[in-house]
Amino acid sequence: MADSNRNTKLTAAQRQERLARDERKREYDAAKLDARKIFLIVFGATALVALVALLVTLLTNVVYINNKSMAKTNENAATWPMEVWVGGSRFLEALFSGNWTGKIGPDGTVLGSDNLPAYYYWTKDLCNTAGILTLLSVIALGLTLLVSVIAAVFAFVKKEYVFSYFSLACSVLSFVLLLVLYIVAAQIFDVMFVKYCGENPACTMGSDVLWPFLLSVLMLGGNIFSVVMFAKLEKKRKAIRSAR
């Protein structure tokens, strides 16, 4: 009789434990489903921001110098007060071609000379570094875009959010590389200010890298948030598994 009562109590306890575990499972499934919208927003926004940052890095100026003492004319009205500048795509072109001093024609003359030769003349090593960092930043932003799209697909189809970690890693890489690129652009200006501008107080630095860098901060913040959410879901999932 005593054994029968003990078995009955044990069975009741097991039933209660199973019911509690099932309830936690339902709560986890509901939380996982509810989180899908948030993850889709984060991953989709990250992909969009990465695309914009990538285009800005390629299509705008890594470094430029404004010179307000320079006369404004019809020829330079569109760019004034910018005096010399180098775009991200121009850095990549020079990096891959190895030609930092202009395009050379069949007769050996320089064609389509732009502002890069001036920068390269005074800051050769820094220009090489800026070119490499521009390339790495473009690759990192491209990876962020790709991984975020994959993460969004997995979130929508599978309700799986493990790609949060990969998206965060790419965002961190983009953030670091763009920050370093901006610092190198500032170093280029410091040298150019002395050697090219002759310390003319009318000369000031500009770098459009600031904008993709700020966009990378947004990506980083969003992905940190998604990783925290994913960690909380994983904690619930592990609690269900350990209760078995």
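Tyr120 counts as buried because its relative accessibility is 16%; buried means under 20% relative accessible area, exposed over 50% and partly exposed in between, using a 1.4 Å probe and protein chains only. This is a predicted model, in which local features need pLDDT of at least 70, side-chain atom pairs count only at pLDDT 80 or more, and totals for chains, interfaces and linings use all residues. Residues are numbered from 1 along each chain as its sequence is written, and side-chain values use heavy atoms, with hydrogens and water left out.

**Around Tyr120: the aromatic residues**

- Tyr120 and Trp100 form a stacked aromatic pair, with 5.3 Å from centre to centre and 10 degrees between the planes.
- Here, rings of Phe, Tyr and Trp (its six-membered ring) pair if their centres lie within 6.5 Å; planes under 30 degrees apart count as stacked, over 60 as edge-to-face and the rest as tilted.
- Trp100 lies in the loop between H2 and strand S3 (103-104) and Tyr120 in helix H3 (residues 116-122), so the pair ties together parts that are 20 residues apart in sequence.
- Trp100 is buried too, with a relative accessible area of 5%.
- Across the whole structure, a search finds eight aromatic pairs.

**The chain as a whole**

- The chain has six helices and five strands; these are DSSP runs numbered from the N terminus, with helices (H or I) of at least four residues and strands (E) of at least two.
- Starting at the N terminus, the elements run α-β-β-α-β-β-α-α-α-β-α.
- Of the 244 residues in the chain, 39% are buried.
- Among contacts with a separation of 6 or more, 77% come from residues 24 or more positions apart; contact means heavy atoms within 4.5 Å.

**Where H2 meets H4**

- Helix H2 (residues 88-97) packs against helix H4 (residues 124-157) at an angle of about 110 degrees, and their axes are 9 Å apart.
- That makes H2 roughly perpendicular to H4; angles under 35 degrees count as roughly parallel, over 145 as roughly antiparallel, 65 to 115 as roughly perpendicular and the rest as oblique.
- Axes are lines fitted to C-alpha atoms, for helices over the stretch in contact, and angles run from 0 to 180 degrees between N-to-C directions.
- On the H2 side, the residues that meet H4 are Gly88, Phe91, Leu92, Leu95 and Phe96.
- Their partners in H4 are Cys127, Ala130, Gly131, Ile132, Thr134, Leu135 and Val138.
- The buried residues of H2 are Gly88, Arg90, Phe91, Leu92 and Ala94.
- Just after H2, Gly98 has a positive phi of about 80 degrees.

**H4 from end to end**

- H4 has 34 residues and reaches 50 Å from its first C-alpha to its last, close to the 50 Å expected at 1.5 Å a residue; the expected span is 1.5 Å times one less than the number of residues.

- Thr57 sits in helix H1 (residues 2-59), and at 4% relative accessibility Thr57 counts as buried.
- Leaving aside residues up to four places away in sequence, Thr57 touches Gly88, Thr134, Val138, Leu141, Leu178 and Pro212.
- Leu210 belongs to helix H6 (residues 210-242), and its 30% relative accessibility makes Leu210 partly exposed.
- Leu210 and Val62 are 148 residues apart along the chain, with their C-alpha atoms separated by 8.9 Å.
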